[in-house]
Amino acid sequence: MEAGRFRMGGVIRPSKDLIGHHYALKLSWPLKARINEIEAFKHLHSVIPDLADHLPALHFSDSFTAHDLDLPWTKLNLTVTAENHQERVFRILASKLYKKLWKAGSVEAFKQAWLDCVECHFQASEKGNILHRDLSENNLMLYLGKEGRIKGVLNDWDMASFKDTLGKIDWLLAAHHRTGTPPFMAIDLLKADPPPHLYRHELESFFYILLWGALHYDVSAGVRHPTVMVIKRWEGEYGDIGNAKNAFFSDYEVAEPILDAIRPEFHELRDEWIEPLYWLIRDARASRPVPRPGRKAPTEAYDHDTYGGNLTFWTFMEAIGQKARWAKRMETKEEEEGVKQETKEKDN
């Protein structure tokens, strides 16, 4: 070969630790300005070590810039500025191989994997100050633990963002790079000019994943069926999906055919989890104050981040009748005063 055309940087040798095991290899070219997924994994494992079973187990990782790889364009003496170029890096991650949600084996195992991800996600947000920002049926995964119990894993954090001291993500970056998988994106984020990504948007995504699974998964056979016609509009353009989801939550006559299309084996899940969450989100959205001409704004500020406190991790868990296993609820001032009064009355 012509000298200088190719360069050997080293020899790749098989590791004894990798022999006999199956791994997932992820190769990507993310924007350098985005979160480093490798660092995100390390951060999450450090702040929520007890939930390591529900975070990706990384066995190998590395990142390379265009100059590290000696790419041809780096030798062209181009004038590269922030206006004409967004730098990317080549990233390699090798992690444990997990299964898709539809490979759960049973409805109960599917529920457990989904719930594990919901609770792990909340801890990542609360203790790790990080939002995933791309929750979809492909990023909630599972495996069989050593004790024979299904465990859910929240995978793919390459679109994540750290929150600042006010609990907000990096809006400058997020505004230029909308993230998410359309069928599972919150209604707000499907707008032409989407607002900052919030925790409640992620709860909405978890609901869509649950509903999607109940419509399409044959978990016993490990099969994901094609998209059913009643929800086909959720795979269109952003605006069309947003309109379809708006109608879904605004008019039960629109929602009913979709809920009726849920597979028979998921009917109990529909009654116990899906419909309660549907009404939770619908009522939360309906709680938003509507500006009216000549009418004064309410004296107390409305918390748009939680739909006035109506859509939080805690209301989400209460709707499905589940107690948090890893998170402790911080009592509000009103709740704390109520507990003190109740204790005082008992003492008397």
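This is a predicted model: local features need pLDDT of at least 70, side-chain atom pairs count only at pLDDT 80 or more; totals for chains, interfaces and linings use all residues.
Aspartate 271 is partly exposed, with a relative accessible area of 49%, whereas arginine 270 is buried, at 15%. For these words, buried means under 20% relative accessible area, exposed means over 50%, and partly exposed lies in between, with a 1.4 Å probe and protein chains only.

Residues are numbered from 1 along each chain as its sequence is written, and side-chain values use heavy atoms, with hydrogens and water left out.

Let me stay with the charged pairs. Side chains of opposite charge can pair when their charged atoms come close.

In one of them, lysine 26 pairs with aspartate 158, and the closest N and O atoms are 3.3 Å apart. Lysine 26 lies in strand β1 and aspartate 158 in the loop between β7 (150-154) and β8 (161-162), so this pair ties together parts that are 132 residues apart in sequence. The helices (H or I, at least four residues) and strands (E, at least two) that I name are DSSP runs, numbered from the N terminus. Aspartate 158 is buried, with a relative accessible area of 18%.

In the other, the side chains of arginine 224 and glutamate 137 meet at 2.9 Å, N to O. Because arginine 224 lies in strand β10 (residues 223-224) and glutamate 137 in the loop between β5 (130-131) and β6 (140-144), the pair ties together parts that are 87 residues apart in sequence. Arginine 224 is partly exposed at 25% relative accessible area, while glutamate 137, at 6% relative accessibility, counts as buried. Salt bridges that share partners also join Lys26, Glu37, Asp156 and Asp158 into one network.

Aspartate 158 comes up again with isoleucine 35, for these two residues are 123 apart in sequence and 6.6 Å apart in space, C-alpha to C-alpha. Isoleucine 35 lies in the loop between β1 (23-28) and α1 (37-47), and isoleucine 35 is buried, with a relative accessible area of 12%.

Now to the cysteines. How many disulfides does a search of the whole structure find? The search finds zero, a disulfide being a pair of cysteine sulfur atoms within 2.5 Å. Cysteine 117 is in no disulfide, and the nearest cysteine sulfur, that of cysteine 120, is 7.1 Å away. Cysteine 117 is buried, with a relative accessible area of 1%, and cysteine 120, at 0% relative accessibility, counts as buried.

Next, the backbone. Most residues other than glycine have a negative phi, and most peptide bonds are trans. Aspartate 70, although it is not a glycine, has a positive phi of about 55 degrees; aspartate 70 is found in the loop between β2 and β3 and is partly exposed at 29% relative accessibility. Tyrosine 307, not a glycine, has a positive phi of about 55 degrees; its place is in the loop between α7 (267-286) and α8 (313-319), and at 2% relative accessibility tyrosine 307 counts as buried.

Finally, the surface. Trp73, Leu76, Leu78 and Val80 form a nonpolar patch there, with about 370 Å² of accessible area together. Patches are made of residues with over 30% relative accessible area and no salt bridge, with like charges joined within 9 Å and nonpolar side chains (Val, Leu, Ile, Met, Phe, Trp, Tyr) within 5 Å. Accessible areas come from the Shrake-Rupley method with a 1.4 Å probe. Valine 80 is found in the loop between β2 (58-64) and β3 (90-96) and is partly exposed, with a relative accessible area of 43%.

Which residues gather in a patch of negative charge on the surface? They are Asp251, Glu253, Glu256 and Asp260. Aspartate 251 is found in the loop between α5 (238-250) and α6 (252-260), and at 34% relative accessibility aspartate 251 counts as partly exposed.

Note on methods:
A salt bridge is a side-chain nitrogen of Lys or Arg within 4 Å of a carboxyl oxygen of Asp or Glu. Lys and Arg count as positive and Asp and Glu as negative; His and the chain ends are not counted. The place of a charge is taken as NZ of Lys, CZ of Arg, CG of Asp or CD of Glu.
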